[in-house]
Amino acid sequence: MQLELQTTHKLKLSQRMLLSTKILQMSAADLVDYLKEAAVENPVMELVGKKETETEEKGDALEEKLAFLSSLDEQNRAFHMAEEEDADNNDGWKFRSGATTFSEYLLEQAAAIKGSRSLVALVKYLIRDLDERGYLSEPEEEVARRLAVPIREVRQAIEVLQSFEPAGVGARSLQECLLLQLRQWPKEQELAGRIVLQYLDQVVKNQLHLIAHQEKVSLPEVRRAVDLIRRLNPKPANSFPSGEQCSYLMPDAMVQEENDRLQVVLNDRYFPDILVSPYYEALLRQGDEGVKTYLSAKIRQVNWIRECVEKRNETLLTTLEAIVHLQEDFFRWGGNVLHPMSLRDVAEQVNLHESTVSRAIRQKYLQCRFGLYPVSYFFRGQVKTRQGQAVTPEQVKSRIQALVAGEDKKKPLSDQKMMEILEQEGITISRRTVAKYREEMGILSRSGRRE
């Protein structure tokens with residue numbers, strides 16, 4: 001038998017290190033939940049709310065700042081504007097606000113039907129049978145067979161349902177959904193209806209001249225009809241809440257400007273103080289060895305958790321401050337001014353490993369006066385220019401969008417031509433990348449944009 005001595009290196013993660021890594025990755029909401037669960041499992045651990053003076057002074061100030069930032073949130077403003085416009089706008093389809101779901105809204109209308117009880121019951125059945133778009137996916141023959149009723153009664157119930165608001169509900173296809181909505185525009189209905197039934201593929205490809213030739217009408221007439229079709233809602237149920245419970249995001253930190261200086265403030269208002277119960281501390285001094293051993297282990301666990309939370313907050317704050325520094329232009333001016341930034345860039349700023357930075361920003365949200373953003377939003381790839389400068393893909397997309405906006409619509413730019421223009425401007429990317437960015441922005445191909 002031959003014995004050999006070998007030296008091997010093994011990484012052994014301590015329990016404390018694992019706990020620190022776990023807590024570092026938690027969002028503010030997850031951390032609060034974790035502390036509550038830990039306090040239930042460890043009788044020695046006590047969670048105490050922030051001191052009264054601190055809560056009144058710091059907490060109220062934070063609440064005021066969050067309320068102020070929310071009032072400036074562009075997303076919130078857009079929602080409020082949409083709601084106000086809906087009150088007066090009867091052109092096209094509306095977004096509804098409030099707690100009423102799509103089904104509840106339809107059932108309210110069904111309750112006002114003047115007809116037999118069997119008709120009302122049939123309409124209510126059809127309402128519950130609608131899919132997530134607001135379409136009837138079950139054939140009328142199947143409904144009649146399933147409910148053992150004459151098919152003419154099913155068709156009558158479908159006709160009643162299709163008279164409800166929002167227009168288009170109860171359709172069996174996209175064409176029928178659009179045609180139901182076109183009833184609101186009797187004058188334009190004839191040509192727009194024929195386009196819906198026969199030329200939707202040409203509309204998607206923007207081949208309006210072919211439609212005008214086939215229908216023997218002028219191009220402006222076709223444009224007006226197509227503009228009307230594009231204002232219709234292909235999914236009537238989309239303008240209503242789903243009825244599922246909403247989840248609210250809690251910002252982990254916020255950026256505020258004081259004396260022309262950007263400052264990051266952690267949102268720790270809801271974090272309780274982590275304490276050791278005085279009762280068990282007294283019991284530790286008085287108990288026997290078995291009790292002391294048990295309580296000492298539990299007290300060590302409380303101290304570990306407290307130190308890990310403090311380390312998490314310190315790492316998160318340092319990391320966010322570096323991100324705000326690197327993306328200062330965005331936090332001051334907003335808009336599309338993000339600079340290329342990688343995990344390595346931040347790691348070098350804070351003298352941490354990239355993996356630590358990655359864990360620190362995972363599932364974290366940052367509030368600023370332009371809205372609430374996941375921290376990962378501020379990490380952008382880069383495209384090198386001929387001069388060696390770095391630009392973000394978003395900046396390249398913005399340039400492509402500008403080229404499309406300024407092109408001759410009768411002779412739109414091809415992906416190859418846009419690639420050549422960008423090359424002349426010092427941005428070297430492939431034609432395939434131009435096509436990829438164009439598609440991501442929802443811009444049609446050259447043939448689709450040609451008028």
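Which residues is H339 in contact with, leaving aside its neighbours within four places in sequence? Select H339 to begin the tour. The model is predicted.

**Stop 1: H339**

H339 sits in the loop between helix 16 and helix 17. Leaving aside neighbours within four places in sequence, H339 is in contact with L326, Q327, D329, R380 and T392. Show the side chains of H339 and D329: a polar contact joins them at 2.8 Å. T392 and H339 are 53 residues apart along the chain, yet their C-alpha atoms are separated by 6.3 Å. H339 has a relative accessibility of 29%, so H339 counts as partly exposed, given that this class runs between 20% and 50%.

**Stop 2: helix 15 against helix 17**

Select helix 15 (289–326) and helix 17 (343–350). Their axes come within 9 Å and cross at roughly 115°. The crossing of helix 15 past helix 17 is right-handed. On the helix 15 side, colour T318, T319, A322, I323, H325 and L326; on the helix 17 side, colour D345, V346, Q349 and V350. By class, this contact has 5 nonpolar, 4 polar and 1 charged residues.

**Stop 3: the largest nonpolar core**

Nonpolar side chains tend to be buried together in soluble globular proteins. In this model, the largest nonpolar core has 26 residues. Select V255, L320, I323, F330, F331, L366 and F378, which have the most contacts inside this core. Two or more residues come from each of strand 2, strand 3, helix 15, helix 16 (328–333), helix 17, helix 18 and strand 5 (365–368). Helix 15 gives the most, with 5 residues.

Now centre on F331. Not counting residues up to four places away in sequence, F331 touches V255, L262, I323, V324, L366, C368, R369, F370 and F378.

**Stop 4: a second core**

A second, separate core has 22 residues, including F102, A110, V120 and A237. Select F102, which is in helix 5 (residues 102–110). Is F102 buried or exposed? F102 is buried because its relative accessible area is 9%, and the buried class lies under 20%.

**Stop 5: backbone exceptions**

Most residues other than glycine have a negative phi, and most peptide bonds are trans. The last selections depart from that pattern.

- Select D260, in the loop between strand 2 (253–258) and strand 3 (261–266). D260 is not a glycine, but its phi is positive, at about 65°. With 58% relative accessibility, D260 counts as exposed.
- Select N351, in the loop between helix 17 (343–350) and helix 18 (354–361). N351 is not a glycine either, and its phi is positive, at about 60°. With 70% relative accessibility, N351 counts as exposed.
- Select E165 and P166. The peptide bond joining them is cis, with omega about 0°. P166 is in the loop between helix 8 (151–161) and helix 9 (174–182).

Technical notes: Residues numbered from 1 in each chain as written. Predicted model: local features only at pLDDT ≥ 70, side-chain atom pairs only at ≥ 80, totals over all residues. Heavy atoms only, no water. Helix = DSSP H or I, 4+ residues; strand = E, 2+ residues; numbered from the N terminus. Buried < 20%, exposed > 50% of the residue type's maximum accessible area, 1.4 Å probe, protein only. Core = buried A, V, L, I, M, F, W, Y, C linked by side-chain atoms within 4.5 Å. Contact = heavy atoms within 4.5 Å. Axes fitted to C-alpha atoms, helices over the stretch in contact; angles between N-to-C directions. Left-handed = near helix turned anticlockwise from the far one by under 90°. Nonpolar A, V, L, I, M, F, W, Y, C, P; charged D, E, K, R; others polar. Polar contact = N/O pair within 3.5 Å; in protein donor to acceptor, adjacent residues only side chain to side chain.
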